[in-house]
Amino acid sequence: MSVRGPLHERGDALELVAAEAARARSGTGRLLLLSGATGTGRTALLEAAAGHGETHGMRVLRARCSPDTNAPFAAVLQLLSLDQDALWQRSERGPGAGEAIAGVGAEEGAGADVGAGARVGVGAGATAPSPVHSHACARSHAHAHSHSHTYTHTHDDDRVHDDGRAGARLWRLLLAHAGDAPLLVAVDDVHRADEQSRQWLADAARRIDRLPVLLVVTERAQYDVDPAGPGLAHALSPDLVRTHALAPLSADSAAELVRSAFDDALPDAWVDDCVRACAGSPLLLHALLDDLRAVPGGRTPAPVPATCAALYPGAYPAAVSWWLDCAGPATTDVARSLTLATADPAGHAPYADAELLAGMAGADPARVPGWLTSTTRLGMLRPSPDGGHPDYAHPLLRDAVSSGWPGARRQAAHRAAAETMLRRGDPAEAVAGHVLRAPAIGAPWAVGVLLDAASAAVRAGRAGDAPAFLRRALEEPLTPERRSSVLTELGSLEFVTVRPAAGMSRLAEAVRLPGTPRDRVRAAVAFGTALTGQGETRAAIVVLRSLDEQLRDHPGLVRTVRTASTLLSDQDPDVRREMYRRLRETADHSPHLVGTAGRALLVRYEATAGLTSARTAVRRVRALLEEPSDPLGEPFLLGTAAAVTQWADELDEAERLVERGLAGQSASLLHPMHAALLNVRADIAAARGAHEDVTPAPRPAGPVGRAPGNQDALAVLALVERGRTETATTLADDFELRDAPGSWEANRFLYARGVLRAADGDPGGALDDFLECGRRQSAREVLSPVVTPWRTAAAECRVALGRPEEALALAREELRLATVWNTPRLVGRSLSSLGTATGGRQGLDLADRAVRLLREAPAGTELPAALIAQGRQLTAAGERTRAREPLREAAERAERLGAVRLHTQAQQALREAGARRAAAPRTGTDALTPSERRIATLAANGHTNPEISTLLHLARRTVETHLTSAFRKLGIRGRGELAGALGRGACAGKAPHCDGAGHHDHDAAGFLVHRAQGAG
């Protein structure tokens, strides 16, 4: 099955050929110039013209020009079936010699007969010359003699003299060929002909206006970066030449050609793919179809690939390579440079412009815009959808253009691109995208660009892109100090985005290299953070303490290192006790060696150990914040102060400290306080009851069994409060706590899992988790309920299990420790638990005190639970009417907080208190009518009001009314807040940051520090 067939969209050209052939047969010849870009079918059209001439009795002479043959008159000799030796031998003998040339007699005057019709292609229908033809030939011979001097006496140079004599003989030979029948002289690719042949053909065009000779010539007409020489007709009078330009095939004709090549019906998308890959070029289209043709039998062809490696036998890339060869080296370099500038999958390089392409290819910048414009008009390039600079019409075409480019030349183009973009101030990531693919540059600017690009990627939340830039920076010449700094940053990022082992080896090397004291501290802190994240807390302390001797002249840095060691010890209970004992001893005997951050850690320690009040602790950290602090030590001070103020319910102040601390952190460096600050931020959201803002810590996909973090614990608690216990169970099952390290984060997760089990009706399993959490926390000397109120939770489980005496002991100890810290939230919660465990009139008194105290708490998140406990005790005491008031208040408050679990408990308690009908919700998602919920969900999923109106067959005004009512009930101001207010149902399939389970993406910085703090 052949893919070749009738010429498409060439009817006007064929009509022109027919008209000019008829004109020539009548004795008036002319030059017909068929011009077009490479691959537009010039040769096929020339063959059709030759076939037409033969059919109509014309003798056809053919020549195909080639740059490989530069001998004088090579193209003309090919037309006349001569060789060089015969020509020059005859020319040197001069006119009048007796020897014949290729059958031409010694007498070459008027009416001489060539006798060579068979050799030069006499058409099958050729007949004896007509009277008009004979008369024209007679006139032409006389004309030839009268003008022969133009070939033989123009120049003094011997070679030119010989060229003139040879040209005259070739002209007389052509006239002799025209004696039998009209001639059609078909010359393909005249732009490739030798100079003598081009001059001869131009002169012939001037003389055939009274001859039965049609000279049909094809010539490449395409804008190249290197300007082409003058065309064959540039010096000819318009009367002597007819020019026809060939355009690329239209999309419809190209599609028709594709469909005609296969027996089966073809999918439109597949046909469109073929058409785009070939850009209207018959050459490329035939080649691609040859490669894609299905096995014999007419079965559906293979898909159009994006790379040439998938093509066999490779006709398409060969055709593209030939297309490039025709365009010349300068155009080829620009075309290939365009593939580098537009095909970067990582998005580091922008769409190329003329200036950049010229710089990459070393081309004339004034010529490149014209090439882009002309190639776009040919269809090889297409403008970008956003109106930017053009790209190749199909990935396969781009790949074919780039194939065969030597690696060294490709790398040189990347370097040139980087230098061009750097000079004009392009973004660092775009410049670095080319530096990545260039060999070592050895200039300072290269390192600067790569480091800037890495920082930009991290700031944009794409930490995974940054390591490539940093690894490339290590290939440039670096001082040991600079290398240590780059390794620290690279190791920190690889620890998270690649694998921990890769990052740790970089960090270990950074610690060994010389560097400034501050850089050494940064490297050691990052390495220590990584080691701690892998459960090697003691090894981390050893790394940090190894700096003591090196930093003896820098007491401020020594204090920072000791503070970092103490903070990292939080991940191991034994090491923690040891480190805080040393810190306390140092503070007692040599307070100047502790510093502000170290003293803040001591305040935090006393707060968790139940040794100080909130008021005293906040006063002390505020005083420390007023003291001067070393920049490297300030993050430790800010993070510790934020934690203390958050425990003290000074939430606004804590939030300001968190933001201040994070603003001073480098997201590309592992640092223990970065994780601590993010944990405090999550604790603040939980304390405010912002359950929708508490999500699991970002983490890579991996097997079950990783260590949980604080954000995971808070996410479980938030899911339980929102009534999504199944999702909470799925999250909790991701972790295996049996062998988890004794960090406070793992202990908090034990507490969260206990809350989940209690909500699922498993008080026994919940009690086990709470008691294990308490055992681990006590081993860490963390006794205060400011972090995990495990005693309160365990007491409630023991009450549920019918063991009130054991519950009383836990509740009383909890209240004692809560009273030491002495915040309304902590004391009120403890009083409520103790009241439940105590029961009776004394229990009611404790419950009343708890409610009064919790009304003073800033966030009010503990009040609904206390009101429910109070209402249930009143019901148990027989005061059912009185019980309903706190229970109704509890239901309303829980509804406003989005605490579905507490709202359900309040409703159940109301029914137990004898309420005939549970209080109808007035706010929250449960208050929505079915119509309001349906419309709000559609709006949350991105539908406009007109779309909702059409989907539900409602008036637009009705949609607006329902949405307004939904906004009021949900406590929001616009549709942008709907997804969060509605919860999981509204986000399914909607926002890119929300998956089907309601989980959200997070910034790379949070991901990094979470892994460093134990998620590895």
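**Close-up views of a predicted protein model**

**View 1. The whole chain.** The protein contains 49 helices and seven strands. Helices (H or I, at least four residues) and strands (E, at least two) are DSSP runs, numbered from the N terminus. This is a predicted model, in which local features need pLDDT of at least 70, side-chain atom pairs count only at pLDDT 80 or more, and totals for chains, interfaces and linings use all residues. Residues are numbered from 1 along each chain as its sequence is written, and side-chain values use heavy atoms, with hydrogens and water left out. Of the 1016 residues, 55% count as buried (under 20% relative accessible area; exposed is over 50%, partly exposed in between; 1.4 Å probe, protein chains only). Among contacts (heavy atoms within 4.5 Å) with a separation of 6 or more, 68% join residues 24 or more positions apart. The accessible surface is about 42500 Å², and carbon and sulfur atoms supply 51% of that. Accessible areas come from the Shrake-Rupley method with a 1.4 Å probe; for residues, only the protein chains shown count as cover.

View 2. E3 spans residues 183-188, and six of its six residues are buried. Leu183, Val185 and Val187 point one way. Leu184, Ala186 and Asp188 point the other way. Strand E2 (residues 59-64) pairs with E3 in the parallel sense over six bridges; two strands pair if DSSP finds at least two bridges between them. Here Arg62 stands opposite Ala186. E3 also pairs with strand E4 (residues 213-220), again in the parallel sense, over five bridges. In E4, Leu214 is the bridge partner of Leu184.

**View 3. Strand E4, covered on both faces.** Eight of the eight residues of E4 are buried, so the strand is largely enclosed by the rest of the structure. One side carries Val213, Leu215, Val217 and Glu219. The other carries Leu214, Val216, Thr218 and Arg220. Strand E1 (residues 30-36) pairs with E4 in the parallel sense over seven bridges. Gly36 has Arg220 of E4 as its bridge partner.

**View 4. Pro67 in its loop.** Pro67 sits in the loop between E2 and helix H3 (74-80). Pro67 is partly exposed, with a relative accessible area of 39%. Asp194 is 127 residues away from Pro67 in sequence, yet the two are 7.5 Å apart, C-alpha to C-alpha.

View 5. The structure holds nine cavities of 30 Å³ or more. A cavity is a set of points on a 1 Å grid over the protein atoms alone where a 1.4 Å probe fits but cannot get out; lining residues have an atom within 4 Å of a point. Points are joined across faces, edges and corners, and a volume is the space filled by probe spheres set on them. The largest cavity has a volume of about 340 Å³. Its lining has 26 residues, with Asp570, Arg604, Ala643, Trp647 and Trp744 nearest the centre. Helices H28 (595-608), H30 (634-647), H32 (672-687) and H35 (744-759) each give two or more residues to this lining. H32 gives the largest share, seven residues.

Key
1 Å grid on protein atoms, 1.4 Å probe; cavity = no way out; pocket = protein on both sides within 12 Å on 5 of 7 lines; lining within 4 Å.
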